[in-house]
Each structure stands twice: as C-alpha cells, then as structure tokens.
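Please open the model in your viewer and keep a selection tool at hand. The stops below proceed from one selection to the next.

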Amino acid sequence: MKTITISGTDKEFQIGKILCIARNYVDHIKELSNETPQAPVIFTKPATSVIFQGEPIIIPNHSSDCHHEAELAILIGKPGKDIPAAKALEHIAGYGVAIDLTLRDVQAELKKKGLPWDIAKGFDTACPLSGFVAAATVADPQNLQVRLSVNGQLRQDGNTSLMIHSVAAMISYMSGIFTLEAGDVILTGTPAGVGPIKSGDSIEAEIPGVGQLQLKVA
C-alpha cells in the first residue's frame, strides 16, 4: 500500500481514491481543441499508478505519445459527503505537486470511439507525486505558480488563479458524487503547455511554496 506523509509531521495517510479533473484551465482546453465543459469533467487513477521522487517513469510499449501535465495535488485529511464550498478547504490535509501522465494517442483513439479513457490515464507510473506540505502552510491555493520543465526547457508555467473550478468548488462537487475519505488525492487540472516525453528525458515539476518533483523517463 502506498502512503503519503505530511512534511514536518508524523501524519501518514494511505492513498485512497485519486480523483482528477480534466479541462480546468481555458488555455489548456484551447491547445487540445476541446470544448469547454459546463460541469467539471472527472476521471480517476488507481493508487497503483503512483510513483514518488526519483522513481522512473515507464511509458507502456503500446503508446508512442505520452504527455506530461503538471498539477496541484490535494490530500484529503477529513472525510465528508456533500461538503459546502465554504467548508471545503477544512477537509484538506496537505498540498503537493503531481504530474498527470497521459497516453495521448491511446486517449484520442478511445475518445473517437466514445469509450472511457482510463487506460490512457491509469497505467503504472502515470501519477508521479511529490512530498506534501501541511495545508496550513499554503495561504491561498488559488495563487500558486505551476511549472514544468523537460531537459531544462520550461514548458508549463501557469497560475492556479486561472482555474475554471476552484479548489473549494472541486471538493464540493466531487463530494456530492463520491464520499471523500482521508487519504484521497485530488488532481486539480493542468495549465497550458502540455507536450510529449520520451525515454531518457529529465522532468522537473515545481509549485513554489509547495514542492518539487524530479523524475527521469526510463
């Protein structure tokens, strides 16, 4: 079982559900020529997709177009159902950096057929996570810079203020569908600049004040 420990504390959480929001930044929607959704688009990743700092990313052999998507990650520390947005931030134990790895070619084929795209998002190593800092150390989750570089070249650099659905709104919406439990992780969407990675690439994702994540592609 994979666990997350909050930096500077002895609090340890077993990873539960990984709930992700798609199309949460307008510029990212435009770069993939997607329609802007009326309600949040939710998908999931299994806990087995998680890797941590220094572990290798392994791109499945059946894909030739794996993309990086840097994101703010939220760790739920207090369970809840139908959580009001005004109370949502009280349920957060910590914040971290995530990379939502996506097999873009596999996803595109599945979308053409109207099929779910779990296999494009949930393969082993598809959810790199940094360490997590306590929620109290982040003054405003809607004012964080999300950056990602590949081989030292900056590709993504966006602010969480550009989210369509705020962190609080996401938690409220998701808790109306799924009971949120301690250890659940929410990936909050990616800013523009997503792109391909390949074997041998070095990837660094960073959210100042939250954390860094450095990985290599096997």
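Select K198 and D201: the two form a salt bridge (a side-chain nitrogen of Lys or Arg within 4 Å of a carboxyl oxygen of Asp or Glu), with the closest N and O atoms 3.3 Å apart. K198 is exposed, at a relative accessible area of 53%, whereas D201 counts as buried at 4%. Here buried means under 20% relative accessible area, exposed over 50%, and partly exposed in between (1.4 Å probe, protein chains only). The model is predicted: local features need pLDDT of at least 70, side-chain atom pairs count only at pLDDT 80 or more, and totals for chains, interfaces and linings use all residues. Residues are numbered from 1 along each chain as its sequence is written, and side-chain values use heavy atoms, with hydrogens and water left out.

Next, select D184 and K17, a salt bridge whose closest N and O atoms are 2.7 Å apart. D184 lies in the loop between α4 and β14 and K17 in the loop between β2 and β3, so the pair ties together parts 167 residues apart in sequence. Helices (H or I, at least four residues) and strands (E, at least two) are DSSP runs, numbered from the N terminus. D184 is buried, with a relative accessible area of 1%; K17 is partly exposed, with 24%.

Proceed to R104 and E69, which form a salt bridge with the closest N and O atoms 2.7 Å apart. R104 belongs to helix α2 and E69 to the loop between β6 and β7. Both residues are buried.
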